[in-house]
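The following exercises concern one protein chain.

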Amino acid sequence: AVVVITFGMTDTSHDLLLTPTRAAMNDAFLDPEVSELRCAVAGGAGKLVALLCVVAFDTDKAFFASGVVMFLATVMQFL
């Protein structure tokens, strides 16, 4: 049950971090397809790594590691 709750929190954090970033990227890039592609790649990579963190670490470490991953996924979108 703890793993499911941790995954749910990670997924919610993912949505809360990337939705405003996606809107900002749509304003920053002239081509909306490029913006959506970058968002999809960063979001997918972040979610995959977060799932791996949930599987590999205990609850506290998975929570903090997935938070760091989501932050890095957001930052990667602007590179």
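**Exercise 1.** Determine how many helices and strands the protein chain contains and in what pattern they follow.

*Solution.* Helices are DSSP runs of H or I with at least four residues, strands are runs of E with at least two, and both are numbered from the N terminus. By this assignment the chain has 3 helices and 0 strands. Along the sequence the pattern reads α-α-α.

The model is predicted: local features need pLDDT of at least 70, side-chain atom pairs count only at pLDDT 80 or more, and totals for chains, interfaces and linings use all residues. Residues are numbered from 1 along each chain as its sequence is written, and side-chain values use heavy atoms, with hydrogens and water left out.

**Exercise 2.** Describe the extent of the chain and its contacts.

*Solution.* First, the C-alpha trace spans about 45 × 15 × 15 Å along its principal axes. Next, take a contact as heavy atoms within 4.5 Å. Among contacts with a separation of 6 or more, 60% join residues 24 or more positions apart.

**Exercise 3.** Identify the nonpolar surface patch and the helices that supply it.

*Solution.* Areas come from the Shrake-Rupley method with a 1.4 Å probe, and for residues only the protein chains shown count as cover. The patch consists of I5, M9, F63 and F64, together about 420 Å² of accessible area. Helices α1 (2-28) and α3 (59-76) each supply at least two of its residues.

Key. Patch = residues over 30% accessible without salt bridge, like charges linked within 9 Å, V, L, I, M, F, W, Y side chains within 5 Å. Salt bridge = Lys/Arg side-chain N within 4 Å of Asp/Glu carboxyl O.
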